[in-house]
Amino acid sequence: DVAALEVAWSLDSTSSELLRRKDHSAGAHVLLAERQTGGRGRRGRPWASPLAANLYLSVARRFDAGLARLGGLSLVAGVAVVEALHALGFAQARLKWPNDVVVADDGRLRKLGGILVEGGGEHAGPARAVVGIGLNVRMPAQAGAGIDQPWLDLQALAHPPPRSMLAAGVLARLLPALVRFDREGLAPFLAQYAAHDVLAGQSVQVHSGDGLHDGIALGLAADGALRVRLGQGERCFHAGEVSLRRT
Ligand code: BTN
């Protein structure tokens, strides 16, 4: 299924580069870079991408089923990343909805990596999407000092494997998962996601378009939304920022 595997020395962003290419082949196009000069996170945040330090990887692929909800794709990618980390001995890695790879540290979540899905669209029919994955492996102090949220690198947990092994572990799970997601949707991944969900059962605060909501996270809805118990009721969030509430 892999049409191309490329490793670049330096790019603005592996995701931006794949989005610029008008590639319509059926297989996946995998692009890694040793550094990014304009690495991007969600919500327009910069993504620290110093040379030869971490993993910066994007995969472009056509989804024949169309992507009614890109959100499901980032959840599937998250499962692939966390399972690769567990297989390499980093059993503390968890998923924080919608797209963070985190480690819980004394009630605080520190970000180990993130996933950014772009392209596609909200309509049915074939769509091309780019899944970007950033994973902190050995963040140099200077680059780390500029990060404006709690973060962590693999090095802080254990001796990290070579980045090529991390990339291989992620891709070995991600590429077949993308094929399956295209055919079967999110359903086959819900149980795996639940096994790595750091929020389920926790007191959370959701910052959504219509304000702040305090409740208990209940896991994923079938479409990938976050279920939260609010007072007597339950609500599904399709977008928003979530934090753990200290109780
Ligand atoms: C986030 O958590 O905000 C998402 C971070 C995604 C970072 C990766 S690194 C490879 C790819 N290229 C980018 O510019 N961003 C993604």
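How many of the 9 residues of strand E3 are buried? The answer is 8, so that E3 is mostly covered, where a residue counts as buried if 20 or more other C-beta atoms lie within 10 Å of its own, exposed if 12 or fewer, and partly exposed in between, with C-beta atoms placed from the backbone. The structure is a predicted model, in which local features need pLDDT of at least 70, side-chain atom pairs count only at pLDDT 80 or more, and totals for chains, interfaces and linings use all residues. Residues are numbered from 1 along each chain as its sequence is written. Strands (E, at least two residues) and helices (H or I, at least four) are DSSP runs, numbered from the N terminus.

**The sheet of 7 strands**

- Seven strands form an open sheet in the order E1-E2-E3-E7-E6-E5-E4, and their pairing is mixed; two strands pair if DSSP finds at least two bridges between them.
- Strand E1 (2-11) and strand E4 (94-96) are the edge strands, each pairing on one side only.
- Neighbouring strands of this sheet are turned by 25° against each other on average, direction ignored; the axes are lines fitted to C-alpha atoms, for helices over the stretch in contact, and angles run from 0 to 180 degrees between N-to-C directions.
- Strands of a sheet pair through backbone hydrogen bonds, either parallel or antiparallel.
- E3 pairs with E2 in the antiparallel sense over 5 bridges, and Ala 33 stands opposite Tyr 56 in E3.
- E3 also pairs with E7, again in the antiparallel sense, over 9 bridges; Val 59 has Val 131 in E7 as its bridge partner.
- Strand E5 (residues 100-105) runs antiparallel to E6 and is joined to E6 by 6 bridges, with Arg 110 in E6 as the bridge partner of Val 103.
- Helix H4 (residues 163-184) lies across E1, E2, E3 and E7 and runs at about 20° to E3.
- The C-alpha atoms of Ala 129 and Ala 33 are separated by 19 Å, and the two residues are 96 residues apart along the chain.

**The surroundings of the ligand**

- The shell around the ligand holds 21 residues, of which Ser 13, Gly 41, Gly 114, Gly 132 and Gly 134 come nearest; a residue is near a molecule or strand if its C-beta atom, placed from the backbone, lies within 6 Å of it.
- Two or more residues of this shell are given by each of helix H1 (14-20), strand E3 (55-63), strand E6 (108-119) and strand E7 (127-135).
- By class, the shell has 6 nonpolar, 11 polar and 4 charged residues; Ala, Val, Leu, Ile, Met, Phe, Trp, Tyr, Cys and Pro count as nonpolar, Asp, Glu, Lys and Arg as charged, and the others, Gly among them, as polar.

**Positions listed by UniProt**

- An unreviewed UniProt entry lists Gln 36, Arg 40, Gly 41 and Arg 42 under "binding site"; positions are given in the numbering used here, feature names are shortened, and annotations may be inferred rather than shown by experiment.
- Gln 36 is in strand E2 (residues 28-36) and counts as buried because 27 C-beta neighbours lie inside 10 Å.
- Residues up to four places away in sequence aside, Gln 36 touches Leu 11, Asp 12, Ser 13, Thr 14, Ser 49 and Tyr 56; two residues are in contact if their C-beta atoms, placed from the backbone, lie within 7 Å.
- Gly 41 lies in the loop between E2 and E3 and is partly exposed, because 19 other C-beta atoms lie within 10 Å.
- Not counting residues up to four places away in sequence, Gly 41 touches Pro 46, Trp 47, Gly 114 and Leu 116.

**The sheet of 5 strands**

- A further open sheet has 5 strands in the order E11-E10-E9-E8-E12, with antiparallel pairing.
- Its edge strands, each pairing on one side only, are strand E11 (233-237) and strand E12 (241-244).
- On average, neighbouring strands of this sheet are turned by 45° against each other, direction ignored.
- Strand E10 (residues 226-230) pairs with E11 in the antiparallel sense over 5 bridges, and Arg 229 stands opposite Glu 234 in E11.
- Ser 208 is in strand E8 (residues 203-208) and counts as partly exposed, because 16 C-beta neighbours lie inside 10 Å.
- Apart from neighbours within four places in sequence, Ser 208 is in contact with His 213, Phe 237, Ala 239 and Gly 240.
- Ser 208 and Ala 239 are 31 residues apart along the chain, and their C-alpha atoms are separated by 6.5 Å.
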